[in-house]
Amino acid sequence: MPSIDRRQSVTVNIGGVLVGSSAPVVVQSMTNTDTADIESTVQQVAALARAGSEMVRITVNNDEAAKAVPYIVEGLAKKGWNTPIIGDFHYNGHQLLTKYPECAQALSKYRINPGNVSIGRKDDDNFRTMVECAVKNQKPVRIGVNWGSLDQALLTKMMDENSKLAQPLETRDVMLETMVRSALDNAAAAESYGLRRDQIILSAKVSGVRDLIDVYKELAGRCDHALHLGLTEAGMGMKGIVASTAGLAPLLLSGIGDTIRVSLTPTPDGDRSEEVRCGQQILQALGIRSFTPQVTSCPGCGRTTSTYFQMLAEQVTNYITESMPEWKLNYPGVEEMKLAVMGCIVNGPGESKHANIGISLPGTFEDPVAPVYIDGKLAKTLRGDDIVGEFQVILDDYVKSHYGANGSATKAKVEEFVVL
Ligand code: SF4
């Protein structure tokens, strides 16, 4: 896979996780629990971390939430999780961080929204208070601009200036430029109030894919701050996944983006960790990072009259998801493994040979046998009623023999895994 030329950015240390061009692109997520509900928040952060979220943001919106923060961090530590916790502040962050110093100390980073921290004020004292709190506690910040809460005073000023131009820009372009200016001006102000460049991350989130690509390209070209990428309010299910991928992929392939968050709306009883797996899959599909073995499976067609291979593909995928927490610890490098589950002989053997382990199930009118290829060579032919079970045994054996202590995982792979 050709390497991607990362945009050079200043690397920021967030509670031990590095974000910037000298580090891999980091996947992060955000809880949707009431932060004041310590137990629920600890449970959800732990679930997100178990799914692979390398940092987790929590809402800090009132006194109860601010008071809960140190207990959440402590509760996670007791469970063995030291995932950095980021406080998401809007409107009253300056008050909460000042009033609750234990909260300010326990958090690993503060998210500041420059569009709503100083509403109704002519000065930026509230923003300055938050930055000074970050300086005092030596915490990094994200200056997170969002078009849904864009600094209205700045937007009005820029609209007015634009209207006086001989050739005014489109409203959309003025809005995107306002977002960039808001991020850059506030980053400069934060530096003037004492934060170092390696303590500042920027974001400029919009909900339109093409707007996202344009605003981040502009922002990336005008600074060397580490960038947090994300399509805001991406939506539910397939729409959210496709839109996030469509927005993030071109930027990541251009080397833009140091940490990502996928903002999916979960179904009422849905699994919040979906957004973590989605972020990981985006990075893995682009060949940027590996998180879990990948299963290549064909869509099936008229040559497969049964759903058997679909079941096998699903069961193998689920088995990998269930096994990964343990595999990750015991079999470094396993996340690079590639599997193929194919529906017939047309592309089955060919695709299987490109995978570490591949199985080609019998299509209509083919012999009821399933050849299994290991590292490109025909290794076994399965038949009968327990092809799924036998394939799982082959998979387990392969993982143990190739990625275990005596396997062939290279030292470099092991070291990379440990660093990640
Ligand atoms: S591999 Fe066979 S079953 Fe799968 S899509 Fe191709 S022709 Fe159809």
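**Close-up views of a predicted model**

**View 1. The shell around the ligand.** Five nonpolar residues, four polar and one charged make up the shell around the ligand; a residue belongs here if one of its heavy atoms lies within 4 Å. Ala, Val, Leu, Ile, Met, Phe, Trp, Tyr, Cys and Pro count as nonpolar, Asp, Glu, Lys and Arg as charged, and the others, Gly among them, as polar. The members are Cys298, Gly300, Cys301, Arg303, Thr304, Met342, Gly343, Cys344, Val346 and Asn347. This is a predicted model, in which local features need pLDDT of at least 70, side-chain atom pairs count only at pLDDT 80 or more, and totals for chains, interfaces and linings use all residues. Residues are numbered from 1 along each chain as its sequence is written, and side-chain values use heavy atoms, leaving out hydrogens and water.

View 2. Cys298 sits in the loop between strand E13 (294-297) and helix H11 (308-330); helices (H or I, at least four residues) and strands (E, at least two) are DSSP runs, numbered from the N terminus. Cys298 is partly exposed because its relative accessibility is 23%, between the limits for buried (under 20%) and exposed (over 50%), with a 1.4 Å probe and protein chains only. Not counting residues up to four places away in sequence, Cys298 touches Phe309, Val341, Met342 and Gly343, where contact means heavy atoms within 4.5 Å.

**View 3. Glu351 in helix H12.** Helix H12 (residues 348-354) holds Glu351, which is partly exposed at 31% relative accessible area. Beyond neighbours within four places in sequence, Glu351 contacts Thr296, Ala340 and Met342.
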